[in-house]
Amino acid sequence: MSARAMSASFQRLPKMACVIKGLIRRPLTQTATYNVSIFEPIPREELVTKFKSRLRDRPLTPGSSNGGFPEFLAEPRESFPLGVRVRNSNQFSLAELTAKCMEFVEENLSHNPAILFRGLPARSAEDFSIIAQGIPWKGLSYEGGVGGNRRQVDKVIGTYTASDEPPEFTIEPHNEMAYNAVYPAKSPMMAVVGKRRWLRTASCLSKLDPDVVRKFEEKQVRYVRYLPDKSRGEYQNWQHVFATTNKKDIEPIAKEQGYNITWDPTGDLYLWQNGPVSIQHPLTGEKVWFNQAHQHNATYYKTLPAFAGANIPDEKLPCHTYYGDGSVISPEAMQHLRATSWSCAVGFQWRSSDLLVVDNLAAQHARMSFTGDRINLVYLTE
């Protein structure tokens with residue numbers, strides 16, 4: 001869809017639901033610093049969805065029919081996400097309001113890892129480009145990222161669609177690009193058309209089985225990616241993922257992201273690297289669970305409509321994960337990660353033109369299945 005078409009569709013956008021998951025162990029009731037002439041808090045009741053979203057036995061949701069899965073998605077907690085209403089009585093421009101919103105983020109994001117701004121005069125993909133231009137943090141490219149079904153909307157500014165995966169599929173909780181050595185620290189996102197859901201875990205690490213955590217920390221996690229040549233017309237070919245048809249262009253990008261690379265005789269590409277499952281947050285010093293061990297496992301892709309029922313070996317699916325020594329992660333450990341992740345999640349009501357800024361190290365996000373139109377835009381930053 002073109003930016004112009006996005007703008008037209010945006011005008012008829014209904015309300016939407018969103019889900020967020022946070023990882024840092026801290027109280028959820030942090031005091032925010034408000035500029036009273038511009039911002040005011042949004043009451044929690046305004047963010048609560050009208051209907052509960054069922055998780056257990058949800059179609060096309062990995063692990064939902066197995067043990068430990070919560071029955072419903074939880075409601076937003078106090079100050080998570082932190083809802084901020086923008087009052088523009090002085091008729092500031094969108095660029096001026098963006099600057100003020102980013103000042104608010106700088107003051108409050110370390111204690112509130114998901115901040116939702118409501119009331120900005122943003123109505124289109126072009127408006128989101130204006131917002132992205134006003135964000136003070138350096139932007140990051142999604143070049144080489146795993147989410148092959150997303151499009152770059154503004155190639156100059158660097159905005160993308162959040163995800164173009166089939167609407168009937170639920171995307172699991174994850175930190176954006178946690179499988180890479182280079183990943184975004186913050187992810188501003190704006191709702192343009194339709195439904196999107198995110199999630200948060202207030203204390204995910206503390207809820208995980210210590211034995212499961214210990215084994216992962218000792219062995220790390222190995223991410224393996226399979227990117228076929230586009231001549232076979234398969235999902236996520238390397239030409240699309242790296243935006244090039246020249247193999248020589250790929251090696252420096254892959255190495256910068258920490259990958260080892262192997263080309264097979266048919267022209268297919270394999271990437272792999274080991275990574276930690278937890279890191280220390282650079283601002284708070286707290287230990288956070290930061291990886292994509294379950295969301296990049298082959299069991300995730302086997303639930304996708306494109307692969308369901310197909311007899312494809314794990315190593316020929318777009319991604320697969322192992323322990324760092326190459327041994328198999330048990331189904332029980334994988335299910336535990338999934339169930340715990342969703343049990344920490346909250347969902348909230350998201351409206352058109354809402355701007356959500358997420359600390360990608362302290363909070364995870366996901367997408368529930370949906371019906372109707374949906375376009376959400378994202379700008380990745382350091």
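Colleague: Asp 354 and Arg 118, are they buried or exposed?

Modeller: Both Asp 354 and Arg 118 are buried. Keep in mind that this is a predicted model. For Arg 118, the relative accessible area is 4%, and buried means under 20%.

Colleague: How far apart are the closest N and O atoms of Asp 354 and Arg 118?

Modeller: They come to 2.7 Å, and the two residues form a salt bridge. Asp 354 sits in the loop between β15 (346–350) and β16 (355–359), while Arg 118 belongs to strand β4, so this pair ties together parts that are 236 residues apart in sequence.

Colleague: Which salt bridge does Glu 46 form?

Modeller: Glu 46 pairs with Arg 118, with 2.9 Å between the closest N and O atoms. This one also links distant parts of the chain: Glu 46 is in helix α2 (residues 44–47) and Arg 118 in strand β4 (residues 114–118), 72 residues apart.

Colleague: Which residues are linked with Arg 118 in a network of salt bridges?

Modeller: The network takes in Glu 40, Glu 46, Arg 85, Arg 87, Arg 118, Arg 351 and Asp 354.

Colleague: And how many salt bridges does a search of the whole structure find?

Modeller: The count is 16.

Colleague: What about Asp 164, which residue does Asp 164 form a salt bridge with?

Modeller: That would be Arg 151, and their closest N and O atoms are 2.8 Å apart. Asp 164 lies in the loop between β6 (159–161) and β7 (171–174), and Arg 151 in the loop between α4 (125–133) and β5 (152–154), so the pair ties together parts that are 13 residues apart in sequence.

Colleague: Is Asp 164 buried or partly exposed?

Modeller: Asp 164 counts as partly exposed because its relative accessibility is 30%. Arg 151 is partly exposed too, with a relative accessible area of 32%.

Colleague: Switching topic: how many disulfides turn up in a search of the whole structure?

Modeller: The search finds 0 disulfides.

Colleague: Is Cys 204 buried or exposed?

Modeller: Cys 204 counts as buried, at 2% relative accessibility. Cys 344 is buried as well, with a relative accessible area of 0%.

Conventions. Residues are numbered from 1 along each chain as its sequence is written. This is a predicted model: local features need pLDDT of at least 70, side-chain atom pairs count only at pLDDT 80 or more; totals for chains, interfaces and linings use all residues. Side-chain values use heavy atoms; hydrogens and water are left out. A salt bridge is a side-chain nitrogen of Lys or Arg within 4 Å of a carboxyl oxygen of Asp or Glu. Helices (H or I, at least four residues) and strands (E, at least two) are DSSP runs, numbered from the N terminus. Buried means under 20% relative accessible area, exposed over 50%, partly exposed in between (1.4 Å probe, protein chains only). A disulfide is a pair of cysteine sulfur atoms within 2.5 Å.
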